[in-house]
Amino acid sequence: MDTTQMLKGLLEGCILKIIQKKSVYGYEMITLLSEYGLNMVSEGSIYPVLLKLQKQQLIIGEMHPSTDGPKRKYYSLTSAGKTYLLQFEKQWSLISTGVNNILEKGNEG
């Protein structure tokens, strides 16, 4: 099964949820996603999603100095992003409950 296709729609909501807690730069986002168990997300897939979210004005990116090298672009949530995240969480709750019910009842005799 191709996990990339399954993740595609969910990744936006996961990124918004992480950014809700604190401003995050791209590579840090990959590390945080991996810590949550999404270690299959690569740099090649994260930056297009961040750009898309920025174009949709759900997040904003601001350059900040780094003690470890060049400036980094930190992303934070906009008010539209907060609204989108609430909708995502409601929809995910409905979908995950339904899928879990099917998977669990599918194992019953």
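In which sense do β2 and strand β3 pair, and over how many bridges?

Author: In this predicted model, β2 and strand β3 (residues 69-77) are paired in the antiparallel sense, and the pairing runs over seven bridges. One point of reference within it is glycine 61, whose bridge partner in β3 is tyrosine 75. The two strands belong to an open sheet of three strands, ordered β1-β3-β2, with antiparallel pairing. Its edge strands are β1 (24-25) and β2 (59-66), each of which pairs on one side only. Against this sheet packs α1, which touches β1, β2 and β3, and the direction of α1 makes about 105° with that of β3.

Helix α1 (residues 3-21) also meets helix α4 (residues 79-105): their axes come within 10 Å and cross at roughly 125°. Angles of 65 to 115 degrees count as roughly perpendicular and those over 145 as roughly antiparallel; α1 and α4 are therefore oblique to each other. The crossing of α1 past α4 is left-handed. On the α1 side, the contact involves Gly9, Leu10, Glu12, Gly13, Cys14, Leu16, Lys17 and Gln20, and these meet Gly81, Tyr84, Leu85, Phe88, Glu89 and Trp92 of α4.

As for annotation, an unreviewed UniProt entry places the feature "domain: Transcription regulator PadR N-terminal" at residues 15-85. In the model, that span is 52% helix and 27% strand, and its end C-alpha atoms lie 10 Å apart.

Technical notes. Residues numbered from 1 in each chain as written. Predicted model: local features only at pLDDT ≥ 70, side-chain atom pairs only at ≥ 80, totals over all residues. Heavy atoms only, no water. Axes fitted to C-alpha atoms, helices over the stretch in contact; angles between N-to-C directions. Helix = DSSP H or I, 4+ residues; strand = E, 2+ residues; numbered from the N terminus. Parallel < 35°, antiparallel > 145°, perpendicular 65-115°, else oblique. Left-handed = near helix turned anticlockwise from the far one by under 90°. Contact = heavy atoms within 4.5 Å. UniProt positions renumbered as here; feature names shortened; annotations may be inferred. Pairing = 2+ DSSP bridges.
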